Amino acid sequence: MALRLATLLPRAVVVALIWVLATAAFTFAADSTIVGPSHSGNSSTPAQPTELVVPSVTGQVYVFAKGILEDAGFAWHVTGSVRGYASNRVVGQSPAAGTHVIDTGAPTIVLHLAKGAYGERGAADDNSSYAGTTIRLANLAAATAPAAPVTKPAAKPAAKPKPKPKPKAVSKPKQKPAATTKTRTPAFTVAGAPQEPVDEITLSARALRLDAWLGTRKKTRSNVQHWLYQHAWIVTGARFGWSHGAQALETLVRVDERVQRQWGIGARSEAVARAALARVRRQAQ
């Protein structure tokens with residue numbers, strides 16, 4: 001019996017030691033988790049929201065105004081009696097151009113249109129193809145934002161007297177090169193038509209890019225809206241006499257034929273493109 005007790009005693013001591021160590025480790029982990037690191041009284045300055053500047057689209061043809069707003073990160077909605085046909089013209093916008101707003105995702109600009117000189121062809125498109133968000137003016141958001149904590153700057157040591165700067169040698173101002181205006185030769189001129197924007201790709205390049213974009217894409221709402229938007233841009237620009245309009249329309253007709261085979265729509269758009277091509281060829285003669 002004594003021998004057995006002597007044998008079991010070291011084992012009991014080891015078990016008790018393991019239990020004590022485990023309890024200590026659990027207590028340390030609990031203390032580390034519950035107490036956590038201490039925070040100083042000064043909080044960091046909140047991040048400033050991103051601002052967007054509303055672009056000017058008043059006076060623009062509607063199809064081009066949509067492109068300007070989309071590139072700037074805005075959505076849009078047409079209100080009033082004149083609907084969103086591609087060739088109509090923007091006569092009013094809200095908020096006004098130059099307004100600073102908070103980037104809420106896709107702030108919605110409200111547009112007022114007037115009928116254009118080329119009639120209302122195709123389907124009206126009064127809204128952007130993606131959901132718009134509310135407008136929040138940047139100055140109002142700044143006024144309602146919580147003030148950052150004020151900390152007193154540490155006292156600066158007395159500045160050492162700066163040495164007097166040496167007089168700089170007078171150099172003659174360099175003559176700037178004469179500004180050159182980039183223009184594209186129109187296929188023909190149309191009274192009252194806007195000039196082709198040189199910061200945009202040509203109509204023929206846009207049509208080729210649309211052809212490559214189509215590829216084997218499936219028919220979805222966003223894809224259809226993209227195709228219709230590019231289609232309206234090319235047709236409208238070609239009617240204005242912009243450069244390479246006929247070449248762009250020839251490509252566009254082929255794109256419309258592919259759209260009909262892939263998506264089962266586009267017959268009316270192809271007819272519009274063919275009619276515009278015939279008109280452009282007549283006026284270019």
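This is a predicted model: local features need pLDDT of at least 70, side-chain atom pairs count only at pLDDT 80 or more; totals for chains, interfaces and linings use all residues.
## The overall plan

The protein contains 7 helices and 5 strands. Reading from the N terminus, the order of elements is α-β-α-β-β-β-β-α-α-α-α-α. Of its 285 residues, 30% count as buried. Among contacts between residues at least 6 apart in sequence, 76% join residues at least 24 apart.

Two packed helices are described by the angle between their axes and the distance between the axes.

| Helix pair | Angle between axes | Distance between axes |
|---|---|---|
| Helix 2 and helix 5 | about 130° | 9 Å |
| Helix 6 and helix 7 | about 165° | 9 Å |
| Helix 5 and helix 7 | roughly 15° | within 9 Å |

Take helix 2 (residues 62-72) and helix 5 (residues 221-239), whose axes make an angle of about 130°. That angle makes helix 2 oblique to helix 5, and their crossing is left-handed. On the helix 2 side, the residues that meet helix 5 are Val63, Phe64, Lys66, Gly67 and Glu70. Their partners in helix 5 are Tyr229, Ala232, Trp233, Thr236 and Gly237. By class, this contact of helix 2 with helix 5 has 5 nonpolar, 3 polar and 2 charged residues.

Next come helix 6 and helix 7 (residues 267-284), packed at an angle of about 165°. Why do these two count as roughly antiparallel? Their angle is over 145 degrees, so helix 6 is roughly antiparallel to helix 7. The crossing of helix 6 and helix 7 is left-handed. From helix 6, the contact uses Ala246, Leu249, Glu250, Leu252, Val253, Asp256, Glu257 and Gln260. Helix 7 brings Ala267, Ser269, Glu270, Ala273, Arg274, Ala276, Leu277, Val280 and Arg281. The residues of this contact of helix 6 with helix 7 divide into 9 nonpolar, 2 polar and 6 charged.

Helix 7 also packs with helix 5, and here the axes cross at roughly 15°. That makes helix 5 roughly parallel to helix 7. The crossing of helix 5 and helix 7 is left-handed. Helix 5 takes part through Trp227, Leu228, His231, Val235, Ala238 and Arg239. On the side of helix 7 you will find Ser269, Val272, Ala273, Ala276, Arg279 and Val280. By class, the contact of helix 5 with helix 7 has 8 nonpolar, 2 polar and 2 charged residues.

## The loop between helix 5 and helix 6

Now look at the loop between helix 5 and helix 6, where serine 243 has its place. Is serine 243 buried or exposed? With a relative accessible area of 5%, serine 243 is buried, because buried means under 20%. Leaving aside residues up to four places away in sequence, serine 243 touches Arg184, Thr185, Pro186, Ala187, Glu196 and Leu203. With one of these, glutamate 196, there is a polar contact from side chain to side chain (3.0 Å).

Histidine 244 is in the loop between helix 5 and helix 6 as well. Histidine 244 is partly exposed, with a relative accessible area of 44%. Its backbone deserves a look: histidine 244 has a positive phi of about 60°, although it is not a glycine.

## A cis peptide bond

The peptide bond from serine 94 to proline 95 is cis, with omega near 0°.

## Back to glutamine 262

Glutamine 262 lies in helix 6 (residues 245-263). With a relative accessible area of 34%, glutamine 262 is partly exposed. Which residues does glutamine 262 touch, not counting those up to four places away in sequence? They are Leu214, Gly215, Thr216 and Arg217. Threonine 216 shows how the chain brings residues together: glutamine 262 and threonine 216 are 46 residues apart in sequence and 7.7 Å apart in space, C-alpha to C-alpha.

Terms used: Residues are numbered from 1 along each chain as its sequence is written. Side-chain values use heavy atoms; hydrogens and water are left out. Helices (H or I, at least four residues) and strands (E, at least two) are DSSP runs, numbered from the N terminus. Buried means under 20% relative accessible area, exposed over 50%, partly exposed in between (1.4 Å probe, protein chains only). Contact means heavy atoms within 4.5 Å. Axes are lines fitted to C-alpha atoms, for helices over the stretch in contact, and angles run from 0 to 180 degrees between N-to-C directions. Angles under 35 degrees count as roughly parallel, over 145 as roughly antiparallel, 65 to 115 as roughly perpendicular and the rest as oblique. A crossing is left-handed if the near helix is turned anticlockwise from the far one by less than a right angle, and right-handed if clockwise. Ala, Val, Leu, Ile, Met, Phe, Trp, Tyr, Cys and Pro count as nonpolar, Asp, Glu, Lys and Arg as charged, and the others, Gly among them, as polar. A polar contact is a pair of N or O atoms within 3.5 Å; within protein, one must be able to donate a hydrogen and the other to accept it, and residues adjacent in sequence count only if both atoms are side-chain atoms.
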